[in-house]
Amino acid sequence: MEKFGKGQPVTRREDVRFLTGQGHYVDDGGPAGSLIAFVLRSQVAHGVITALAMDDARSAKGVHLIVTAQTLLQAGVEIAMDSNVVTNRDGSEGAAPLRPVLAQDRVRFVGEPVAVVIAETLDQARDAAELIHIEIDDLPAKLDLCDGGETIHDVAPDNRAFDWGMGDEAATRAAFDEAAHTVSLQVADNRVIANAMEPRGCHADWDGARLHFAFGGQGVWGMKDRLAKAFQLEPAQVHVTIPDVGGGFGMKAMPYPEYYAVAHAARVLGRPVRWMSDRGEAMQSDNAGRDLTSRAELAFDETGRITAYRVHSRINLGAYNGLMGQPIQTQLFSRVLTGCYDVQAVWMQAEGFYTNTTQVDAYRGAGRPEAIYVLERAMDRAARELDIDPWRLRQRNFIPADRFPYTSATGETYDVGDFHAVLSEAAKRADRAGFAARRAADAARGLLRGQGLCYYIESILGDPSEGAKVAFHEDGTVSIYVGTQSNGQGHETVYARFLSDQTGIPQDRIRVVQGDSDLIQQGGGTGGSRSVTTQSHATLAVVGTMVAAFTPYLAERMGVEIADVAFDGETFRAPGSNLTPTLIEAADMARADGRSDLLQHEARATLPGRSFPNGAHVAEVVVDPDTGVVRVDRYTVVDDFGNMINPLLAQGQVHGGVAQGIGQAITEHVVYDADGQLLTASFMDYALPRADDVPMIGFTSCPVPSTANPMGMKGCGEAGTVGSMAAVANAVQDALWDCGVRQADMPFTPMRVWDLLKNEPAAADQ
């Protein structure tokens, strides 16, 4: 039986229902007779609500209820949404403004929910919303990332949310003072919209004593806790479920205002209520991503070794603090701040600012992709200014394989790694030796070719503990209940395969159950590339629990001593007995003997340490200088994910992440006008990558098994995006460098690239 990371590439079992229209998403169901919710949103970015008259809307056909901040307060609902706060560099607490479920006295971004209309049909709810008379006295919009401007929150009079720092500032400054060479680069990480295939949605039902809430999210337990808190309910009175989810990307990890309003309406009316976002309002109201500007500085000695690194980031939080918040953002940044490089002095400073735009997603405010993007862009610039090969510069500064475990300058301990081996494999797979010939051939056709490298490292984050429960059924099937939540990654296949590998239970007899707070009491959901590693660790724990529970029972049945019974991964055996039951057969025996206690087993486990996936991304782009069009022509990935259960699914995760990174680098960009109006609020204006924007992607595994968990695994969910943005950006910069362009920032749209080339003398002077 194949174990741990030696699994074979198995296609996804859930794809059968997904590809034949048998998936069950939020909008596919819901209780019969559900009322429909429609959200009235602010049409201005910043202003004071001076009038909100709803008499005409309340009397409109089909309307049952209109929910506002005032009606929630009158019902005793807690309207303050949770958020996290950062401790500033001086030890004071960062700003903690109230974010109400529905706008109370002021609106702070276009799309902020003001009222929710509940009616028999969507058309009736939408028509009634148009009858609501709302007056807003406009205030100036604040959009830039600096102090000053119109105050958005009284608790942040200069619009500064926090000023956070990590590292040894004095040691870093001393290293820069003594450096033989220093390099500085300021880069912008453009704002993007996390466009999941399925927009957000929910439905709620109240039976008089208990709330059932279903939504498309990334975990049920956080939502359960917050609903109980908002409505002053006991946890047992709240049941949260998640059906199939068509993509999350961190954006669906936290609760949103609409969820509370829908739950309240269901309680008040005693009827089920449903809400589903459309694409336009999703673009306005979903948490966006990235949107920060960073200045990275590197200090080198005379041999080209990095002695210190510092970065100063200015982060757009949007109108409010994130629930999963800035502490996570800044910690994410710090854990990969030094990348794979042997750096002894590091300092990071991050300043957060409020603007009149929708909130920035916690996982994309200053996390792993952003940190790697800044560092690897700076490394590429350093190679040019020091006149050294960019590959060689990275190799010179890698943490050597014999230095692990290695404690970074920010206190993170990397358990294992062989960065030289991974990079060498990437050079072969990308045919680095043939790049000069490809560039010359393109030049002969009047085209510009560039090659970009990114070496990334990330870490498994989120809750390191997870639970699993296994139940044996009378029909010979087995259910495994998991605390993570698939958003389309293939968990049903991976978890069934892993349990099968450890127990010998046929994979087709295993059913994976997720997203139900009644069926498993605790879980961490999905996010931060944690799911497979943490859940597999919990599965190992529950397998151990099962074996330990069955062993005394089977010893009695076999007529042997307990110590003589052993489980070989498929069957129980003991010297002197001809009984060799599988787990399913043992469960059938226990059922026949009335031992129902042996038919269900549960365990929790905590990872002993983080694992650190890493790898090399090599992109080659071709630029048409006459049109500014950038085409990604070749793309190679060599990853160290440690042991993998299913290499095929890992490769799919990488492909999806690379496509997302290419989208941000080439096509995607959120644009607001001076009044805070979102100008890219449809797919006519916001360009997701198309099939012809993404090349064939080469993927090679170069595993160094982790020592931080017994499976030797390293997460891979976000790795594609972490590496791809810098790889593509560096490739574009490489293509434009000889034309005099010294500063090229994403997105590399035709107009932007054409303009850079047109104005290359000015660019060369930067």
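Predicted model: local features only at pLDDT ≥ 70, side-chain atom pairs only at ≥ 80, totals over all residues.
**View 1. The surroundings of Asp138.** When residues up to four places away in sequence are left aside, Asp138 touches Val44, His46 and Gly47. One of these contacts, Val44, is 94 residues from Asp138 in sequence, while the C-alpha atoms of Asp138 and Val44 are 7.3 Å apart in space.

**View 2. The salt bridge between Glu169 and Arg89.** Side chains of opposite charge can pair when their charged atoms come close. In this view Glu169 and Arg89 form a salt bridge, with 3.9 Å between their closest N and O atoms. The pair links distant parts of the chain, 80 residues apart, since Glu169 is in helix 5 (residues 169–178) and Arg89 is in the loop between helix 3 (69–74) and strand 4 (106–107). Glu169 is partly exposed, with a relative accessible area of 30%, and Arg89 is likewise counted as partly exposed at 39% relative accessibility.

**View 3. The salt bridge between Lys252 and Glu198.** The closest N and O atoms of Lys252 and Glu198 lie 3.6 Å apart, and the two residues form a salt bridge. Lys252 sits in the loop between strand 12 (238–241) and helix 7 (257–269), and Glu198 sits in the loop between strand 9 (192–193) and strand 10 (201–206), so this pair ties together parts that are 54 residues apart in sequence. Both Lys252 and Glu198 are buried.

**View 4. The salt bridge between Asp342 and Arg403.** The side chains of Asp342 and Arg403 meet in a salt bridge, with an N to O distance of 3.0 Å. Asp342 is in the loop between helix 9 (326–335) and strand 17 (345–354), and Arg403 is in the loop between helix 11 (390–397) and strand 18 (406–407), so the pair ties together parts that are 61 residues apart in sequence. Asp342 is buried, its relative accessible area being 8%, whereas Arg403 is partly exposed, with a value of 36%.

View 5. Gln349 is found in strand 17 and counts as buried because its relative accessibility is 13%, where buried means under 20%. Apart from residues up to four places away in sequence, Gln349 touches Arg89, Asp163, Trp164, Gly165, Val311, His312 and Ser313.

**View 6. The contacts of Met81.** Met81 lies in the loop between helix 3 and strand 4, and at 11% relative accessibility Met81 counts as buried. Not counting residues up to four places away in sequence, Met81 touches Arg99, Pro100, Val101, Pro255, Tyr256, Pro257 and Tyr260.

Notes: Residues numbered from 1 in each chain as written. Heavy atoms only, no water. Salt bridge = Lys/Arg side-chain N within 4 Å of Asp/Glu carboxyl O. Helix = DSSP H or I, 4+ residues; strand = E, 2+ residues; numbered from the N terminus. Buried < 20%, exposed > 50% of the residue type's maximum accessible area, 1.4 Å probe, protein only. Contact = heavy atoms within 4.5 Å.
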